[in-house]
Amino acid sequence: LKSLDFQERLGLVTRTIASAGSDLAHFFLLFGFVFVGYALVGELLFGHQFEGFSDFRKSALTLMIFLVSFDTTQFYASMSHATDSTSFHIYLWSYMIIA
């Protein structure tokens, strides 16, 4: 990050990131724990009937799609056959709020 100090505005950004480094590390560590936990729970709850949660890698990818796109409608049709809608909605919306 020191190499970007040649320009004033980039230097401000790099110094801000450097000073917030420990807070960012703690945030990403906590986010990682929550994300891995939800991926494991999704695999255990829904993996036996829904392809998107069939293993840990697919579960993590499905959760990233949930988080980035905020479009959960693409999974409603297949999840309606996999489990009751109440447990899926609780799982999904608690993930969206917490993560």
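Helices α1 (8–19) and α2 (21–46) each put at least two residues into a nonpolar surface patch; helices here are DSSP runs of H or I, at least four residues long, numbered from the N terminus. Leu24, which sits in α2, has a relative accessible area of 36%, so it counts as partly exposed (buried is under 20%, exposed over 50%, partly exposed in between).

This is a predicted model, so local features need pLDDT of at least 70 and side-chain atom pairs 80 or more, while totals for chains, interfaces and linings use all residues. Numbering runs from 1 along each chain, and side-chain values use heavy atoms, leaving out hydrogens and water.

Aromatic pairs, with ring centres within 6.5 Å, number 11 in the structure. In one of them, Tyr38 and Tyr95 have ring centres 5.2 Å apart and planes at 55 degrees, so the pair is tilted (stacked is under 30 degrees, edge-to-face over 60, tilted the rest). This pair bridges distant parts of the chain, from Tyr38 in α2 to Tyr95 in α5 (residues 85–98), 57 residues apart. Tyr38 is buried at 15% relative accessibility, and Tyr95 is buried at 0%. Ring pairs tie both into a cluster with Phe46, Phe50, Phe53, Phe66, Phe88 and Tyr91.

Notes. Buried < 20%, exposed > 50% of the residue type's maximum accessible area, 1.4 Å probe, protein only. Phe/Tyr/Trp six-rings, centres within 6.5 Å; stacked < 30°, edge-to-face > 60°.
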